[in-house]
Amino acid sequence: MATAEYVKFVDVTKCDGCRACMVACKNWNDLPAEPEAFQGSVQSHANVTANTWNVLSFIEHENGKGNLEYLFRHSSCFHCTEAACVKVCPEDAMHYTEFGTVDVNTDKCVGCGYCVQNCPFDVVQLATYKDKNGKEYKKAQKCTMCVDRLEEGMQPACVTTCHTDAMEFGTKEDMLNKAKKRLAEIKDRFPNAMIYNPEGVGGTHTIYVLAEKPSVYGLPEKPKVPTSAVVWKDYAQPIGKMMLGATSMALVGAFVSNKLFNKEGKGHEEDGGGSNE
């Protein structure tokens, strides 16, 4: 078992937009190609999808001096410490690994989509499959932080392929110290630079040094776990299991989860944040 939490540190000021991280992710996880039409930018995909787990974002930005800058960001799952997807999952398919990251147990996933609707960063998506009879079913998919590699003492594929060292992987303490040191080094060039490790989700296991404020990169300024998810997962559900038993609570949970976390047709406005990604 791991004895410490591990974190991926992304320094966007070192990224040159090569997209090697995207290719490495596709190759290692055997994800299918998803050709997309030209969208007026050199960015290949508009957002992460169920089969494209990281996207290199290209942002044209006018800085405080009136100069145009090209900003890049490796976009993938943040692996929140207090993950909304874990809290709203009625089947415990979304779960924490021994490394502190968030993974999906596809055998447990029923494709309800609550994780998709409640992720403050819009990174969890549903993939569609067909069984042997041709019937369609859905499963949640997202970046796993290459947990299969971590279990073998290796680093995430995206990290190992980054030739500019814009991405590093290590213990949470070490990576946070590197982020703080790097922030001090670039403050003169990027006055708005900051470390993005949102407290509203308990911090994340993908932390960034951003050159500009989060909204410039399509990120929520203050993402947080929906209050309803916290109350249900941390208080109501454990008490209910003690009073009703696990089986009865599972039935109640299915009903309550649908009422609380199914946002289809209701918008995406509860206090869980949101992303422009």
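Reader: How many residues does helix H6 have, and what distance does H6 reach from its first C-alpha to its last?
Author: This is a predicted model. Helix H6 runs over residues 172-186. At 1.5 Å a residue, 21 Å is expected, and the helix comes close to that. H6 has 15 residues and reaches 21 Å.

Reader: Which residues of H6 are buried?
Author: Buried means under 20% relative accessible area. In H6, five names make the list. They cover an arc of only 105° around the axis, so they sit on the same side of H6. The buried residues are Met175, Ala179, Arg182, Leu183 and Ile186.

Reader: Which exposed residues does the face of H6 turned away from its buried side carry?
Author: Exposed means over 50% relative accessible area. The face turned away from the buried side of H6 carries residues of this class. They are Glu173, Lys180, Lys181 and Ala184.

Reader: Which strands do the buried residues of H6 pack against?
Author: Packing here is contact, with heavy atoms within 4.5 Å. The partners of the buried residues of H6 are strands. They are S1 (6-11), S8 (167-171), S9 (194-196) and S10 (206-210).

Reader: How many salt bridges does a search of the whole structure find?
Author: A pair counts when a side-chain nitrogen of Lys or Arg is within 4 Å of a carboxyl oxygen of Asp or Glu. Glu82 and Lys87 meet this way, at 3.2 Å, N to O. The search of the whole structure finds four.

Reader: Is Lys87 buried or exposed?
Author: Glu82 has 35% relative accessibility, so Glu82 counts as partly exposed. Lys87 has 6%. The cut-off for burial is under 20%, and Lys87 therefore counts as buried.

Reader: Which parts does the pair of Glu168 and Lys178 tie together?
Author: The side chains of Glu168 and Lys178 meet in a salt bridge at 2.4 Å, N to O. The parts this pair ties together are 10 residues apart in sequence. Lys178 is partly exposed, with a relative accessible area of 38%. Glu168 lies in strand S8 and Lys178 in helix H6, so the parts tied together are S8 and H6.

Reader: Which residues do salt bridges that share partners join into one network?
Author: Glu185 forms a salt bridge with Arg182, with the closest N and O atoms 3.3 Å apart. Both lie in helix H6, three residues apart, about one turn of the helix. Glu185 counts as partly exposed at 48% relative accessibility, while Arg182 counts as buried at 19%. Shared partners make one network of Asp11, Arg182 and Glu185.

Reader: What is phi of Arg19 near?
Author: Arg19 lies in the loop between S1 and helix H1 (20-29). At 26% relative accessibility, Arg19 counts as partly exposed. Its phi is positive, in a residue other than glycine. The value is near 70°.

Reader: What is phi of Cys146 near?
Author: Cys146 lies in the loop between strand S7 (136-141) and helix H4 (147-150). Relative accessibility is 7%, so Cys146 counts as buried. Cys146 is a residue other than glycine with a positive phi, near 50°.

Reader: Which residues does Asn67 touch, not counting residues up to four places away in sequence?
Author: Asn67 lies in the loop between strand S2 (55-62) and strand S3 (68-75). At 42% relative accessibility, Asn67 counts as partly exposed. With residues up to four places away left out, Asn67 touches His61 and Glu62.

Technical notes:
Residues are numbered from 1 along each chain as its sequence is written. This is a predicted model: local features need pLDDT of at least 70, side-chain atom pairs count only at pLDDT 80 or more; totals for chains, interfaces and linings use all residues. Side-chain values use heavy atoms; hydrogens and water are left out. Helices (H or I, at least four residues) and strands (E, at least two) are DSSP runs, numbered from the N terminus. The expected span of a helix is 1.5 Å times one less than its number of residues. Buried means under 20% relative accessible area, exposed over 50%, partly exposed in between (1.4 Å probe, protein chains only). The arc is that of the directions from the helix axis to the C-beta atoms.
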